[in-house]
Amino acid sequence: MTEIRLPGGRWRLWEQFALRGPGFPAEGVLRLAPAGLAEAADKFGPTDALTGPDWDAFAEGFDEAAVATAHTLQDIARTPAFREAVAWQNRPVLDSGIKPFLNWTPTAAGRTSMPRQREELVAHYWQRFCVKNDTIGFFGPVGWGRFDPEAGAGVRVDPGEGLVAATELYFAGWAVDALAASLAADPAAGEWTAPRRVPFVRPDGDRVIVPGRPPQQAGAELTAVLARCDGVRTARRLAEELPGLDVPALLDQLVRRRWAVWRLEVPAATRPEQWLRAWLDTVGDVGLRERGLHGLALLERGRERVRAAQGADQVVAAMSLLEREFVELTETAAVREKSAGTAPCRALVYSDCRRAATARIGGEVAGVLAASLEPLFTAAGWLTARLAAEVMEAANGVHARLAAQGPVDLASFWFACMPILHGDAREAAQRLQQQFQEHWRAILGPEPGARRVDRGLTEVAAAVAERFAVEDGPGWTAARYLSPDVMIAAGGAEAIERGEFQLVLGELHLASNTLGASLFVHQHANPAELSALTDRDHPGPRLTPLLPKEHRSRLSARVKYALRRPEDYQVALVDQTGDPADPRTLLSADVAVVERDGTLRVVLPDGVEFPAVDVFAHVLTTLAMDLFQILPEAEHTPRVTVDRLVVARETWRLRASDLGFPEEKDERRRFVRARRWREQQGLPRFVFVVSPTESRPFYVDFDSPVYVTVLAKAMRRLARKDPDGRVVISEMLPTPEQTWLPDDTGRTYTSELRFVAVDERQVDGGEA
């Protein structure tokens, strides 16, 4: 095992890393920048009138270039791989936008509003498929690499065969839930369904304890049933264990009082259909079991048809048939509407793929990486330690108040801490980020208006060690992990080998091993290797909070943590989304919270103890994950480089209504004015843009009229929605010409390397 230890001795990098990149070569976007057009536009000075013979000649050349670009976009739209990628993303667009666009013959006069909109549609998808380091399907396959001292000085890539080495298809969890709900509607399902106690409710003799309320008298019969509602015993079995009681009536009463749940629930899992099949095998009602197995088999056959589909037309046909069968089977819509409250995976099935290319990082790149990241990790550790300390200081006060009234269970403690977790903790995170940025300002000393801030590593590391010194540990167990995204800017793998490269930090995710997400783990050739790395980090068991199945954009089956081990515990605080049969999945009402030597600890029913801060792990990680931003937001922030690592790219935050050129109706004049504006602002040719009205960041090439138009329209939308709305524009680094990740044909792709860093200091926990 090749370990990479950082110079300070505190941090260690996993020997393996993920290789994220799109499924189309980076050169693709350059096809949409007509040769010579930008230079021709720049001949018109800031005060030159856009009229006269010179302008007429430029306008004629622009129109010719626009028609040529339309033909190029049609060539792109005809590409089978492009059409198939669109089919996975939004297949109605193939008929509503792509098909009529391909049936159109581009001419200067014929480029009316609708054809131009379709040009922009294709260009918008194309930039995502070519330069966005997504992780989704074959157009964003998960690649893998490792550190290898025998890989020379730079990066060695084995491109493999083709783009993708393996493809897997998964049901969205909500689709299997819909089938389960249709089965549960059968009156026969009730007796074969296992009721479960709500995690924060606990029977106590003839009473029921609910957080924040006085104990409620329930009677011996009701509490006898509640005590047995473990999510494993079916209602039929409960009736057998409690002869003489009307168990169904008592269960109905428990459900009405919200003390128990009695419905068929599929645990959160990457393969939820497997759990449903296992449940069906236990059902004694032949009719119900056969209906369920038939429905499950129907959906699985549909999934296999989609898996076997090749090309857009077959994908569309297979998906459409699967959806029709799903609607008939479940009487549920087959596609979820997109909304702020909807998690990813809107379709019934989704695809994840493993990239054929693998990479090995050699000595020089590994050394530069380790040395450059060390001060950043030290600063990040300060953030998580301080955040945990502030939250737990307030939580100690909550516990003291509850303990004065008697023993404290985790459910009561959790609910009493809600004002802290969703109020004080947020304020603390914002305050700590401000302090964090003040420290970095003192360390970097940027001059007002500077475009570039370049500092030496030795100087920065010493200042970081002084300003971000903490004696405490990481804060909580998950905070031992950091997940940095790093890109390599170079003119190919040969340049990297010669030492001609620059590292660029994309994001630094705090308090999370993001490679533990299902979408990464299950696209590894040997997931057991990732489990072994986890064992290396955690010799003992861990305690984690059990999370909801879905929640907006943060939680879904694809990002569910998949490196939990048999010895690890998880506690259901509010939602029980795990397998009730798992002996190490606990309910919050059954866990005690005690104070030992000034530290709060949770005591599990089997006597094992963990730091109480670990039950707040998800809330704390959510607060901390995006805090690493060394410069405060401003209209302009410089590129910051420490030796050979760019830790912040140059960025502009501007009011959309101030840009000026988006309101220009004539696309020729808009292109010229956009280039003038770019020159005034000092923007580079290639940028990424984030707008509140757009769902994702998007790429803009100021040499490309179609991408200038995409930008202009996005700015008009934002200005109409919010006249004061600001757009964030960041330099693209690496640029499309600085890519080095090849396929087996020699074409290169944008990419980022996602590493996992581990704090070697252990968090106290898992003790009996």
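Me: In which loop is the place of Asp643?
Reply: This is a predicted model, in which local features need pLDDT of at least 70, side-chain atom pairs count only at pLDDT 80 or more, and totals for chains, interfaces and linings use all residues. Residues are numbered from 1 along each chain as its sequence is written, and side-chain values use heavy atoms, with hydrogens and water left out. Strands (E, at least two residues) and helices (H or I, at least four) are DSSP runs numbered from the N terminus. On that basis, Asp643 is in the loop between strand E24 (639-642) and strand E25 (645-648).

Me: What is the phi of Asp643, which is not a glycine?
Reply: Most residues other than glycine have a negative phi. Asp643 is not a glycine, yet its phi is positive, at about 55 degrees.

Me: Is Asp597 buried or exposed?
Reply: Asp597 sits in the loop between strand E20 (592-596) and strand E21 (599-603), and it too has a positive phi of about 55 degrees without being a glycine. Buried means under 20% relative accessible area, exposed over 50%, and partly exposed in between (1.4 Å probe, protein chains only). Asp643, at 46%, counts as partly exposed. Asp597 has a relative accessible area of 82%, so the class is exposed.

Me: Which side chain of opposite charge is nearest to Arg678?
Reply: Arg678 lies in helix H22 (residues 667-681). Lys and Arg count as positive and Asp and Glu as negative, while His and the chain ends are not counted; a salt bridge is a side-chain nitrogen of Lys or Arg within 4 Å of a carboxyl oxygen of Asp or Glu. Arg678 is buried yet has no salt bridge, and at 4.3 Å the nearest side chain of opposite charge is Glu679.

Me: Which residues does Arg678 touch, not counting those up to four places away in sequence?
Reply: Contact means heavy atoms within 4.5 Å. With residues up to four places away in sequence not counted, Arg678 touches Leu683, Pro684, Arg685 and Phe702.

Me: How many disulfides does the structure hold?
Reply: A disulfide is a pair of cysteine sulfur atoms within 2.5 Å. The number in this structure is zero. Cys130 is in none, as the nearest cysteine sulfur, that of Cys353, is 17 Å away. Cys130 is buried at a relative accessible area of 0% and Cys353 is buried at 1%, while the disulfide count is zero.

Me: Which residue in E10 stands opposite Val208?
Reply: Three strands form an open antiparallel sheet in the order E8-E9-E10, with strand E8 (202-204) and strand E10 (216-217) at the edges, each pairing on one side only. Two strands pair if DSSP finds at least two bridges between them; strand E9 (residues 207-209) and E10 have two. Opposite Val208 stands Gln216.

Me: What is the radius of gyration of the protein chain?
Reply: The protein chain has 23 helices and 33 strands. The radius of gyration is taken over C-alpha atoms, and the globule rule is 2.2 Å times the number of residues to the power 0.38. For 768 residues the rule gives 27 Å, and the chain is close to this, so it is as compact as a globular protein of that length, with a radius of gyration of 29 Å.
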